[in-house]
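Trainee: I would like to go through the terms used for this model and see what each one rests on.

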Amino acid sequence: MEAPFPMNRSEKKEFEFEVIEKLIEENNGIVRTKQITQLGIDYRRIIAYVEEGRLTRVKSGYYAINLENQNEEDLVAGMFPDGILTMESALYYHGYLEDRPFVWKIAISKNTSKSRFKMDYPPLEPYYSEKDVLSLGVTTTKVGDSTMKIYTKDRLICDVLKYEDKMKRDDFKKAALAYIQDEDKDVASLMECAKKRKVLKKVQNMIGVWL
């Protein structure tokens with residue numbers, strides 16, 4: 001990005017920081033290195049801002065300003081636009097659980113670099129999936145001030161049954177009961193997802209009798 005008028009080195013540094021600041025604001029509080037360098041800002045300048053404490057390195061390739069004031073939901077949405085909320089995280093956003101889980105459960109392509117999840121904050125747990133499984137039953141939901149992909153209720157309850165052993169018993173029971181009582185459930189979609197997720201018999205035995 002070209003400066004609007006001739007500047008000395010110090011002025012240009014301040015101008016570029018303001019550009020980054022605006023970019024971060026437009027991207028819900030977090031940006032990638034590539035987004036900054038595409039504006040013509042040198043990577044060494046980014047490092048300088050980090051060393052001065054003006055820019056925070058969230059993790060490799062991701063930066064924010066005033067991280068302590070950032071909304072956790074927007075951080076997750078900003079870092080994982082290709083991720084899909086699943087399990088307890090999705091149950092919460094569908095209203096099946098009252099409290100948002102401490103750890104974010106995100107479905108992601110099995111080809112995604114494992115290093116993307118190496119961070120202390122926010123706490124994340126990936127569910128690596130094949131392409132056809134990953135794209136089954138996907139919709140969107142409001143997360144903080146952002147929008148994020150999430151599995152539909154019908155797809156989600158199939159995953160809950162598939163990974164029952166990974167859940168707290170109380171959460172599992174709440175999820176199953178909430179789905180059974182949900183007037184918006186789609187039984188045809190449920191059965192289709194159950195076939196593809198290979199939990200059809202479990203659906204028929206545990207939930208089918210109540211549908």
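Mentor: We take the helix pair and then a pocket. The model is predicted, so local features need pLDDT of at least 70 and side-chain atom pairs pLDDT 80 or more, while totals for chains, interfaces and linings use all residues. Residues are numbered from 1 along each chain as its sequence is written, and side-chain values use heavy atoms, without hydrogens and water.

Trainee: Why are α7 and α9 called oblique to each other?

Mentor: The axes of α7 (residues 153-162) and α9 (residues 187-196) cross at roughly 40 degrees and come within 8 Å. Angles under 35 degrees count as roughly parallel, over 145 as roughly antiparallel, 65 to 115 as roughly perpendicular and the rest as oblique. The two helices are therefore oblique. The crossing of α7 past α9 is right-handed, that is, the near helix is turned clockwise from the far one by less than a right angle.

Trainee: Which residues of α7 and α9 meet?

Mentor: D154, R155, I157 and C158 in α7 meet S189, L190, C193 and A194 in α9, where contact means heavy atoms within 4.5 Å. By class, five are nonpolar, one is polar and two are charged. Ala, Val, Leu, Ile, Met, Phe, Trp, Tyr, Cys and Pro count as nonpolar, Asp, Glu, Lys and Arg as charged, and the others, Gly among them, as polar.

Trainee: What makes up the lining of the second largest pocket, by class?

Mentor: Six nonpolar, three polar and two charged residues. α4 gives the largest share, three residues.

Note on methods
Helices (H or I, at least four residues) and strands (E, at least two) are DSSP runs, numbered from the N terminus. Axes are lines fitted to C-alpha atoms, for helices over the stretch in contact, and angles run from 0 to 180 degrees between N-to-C directions.
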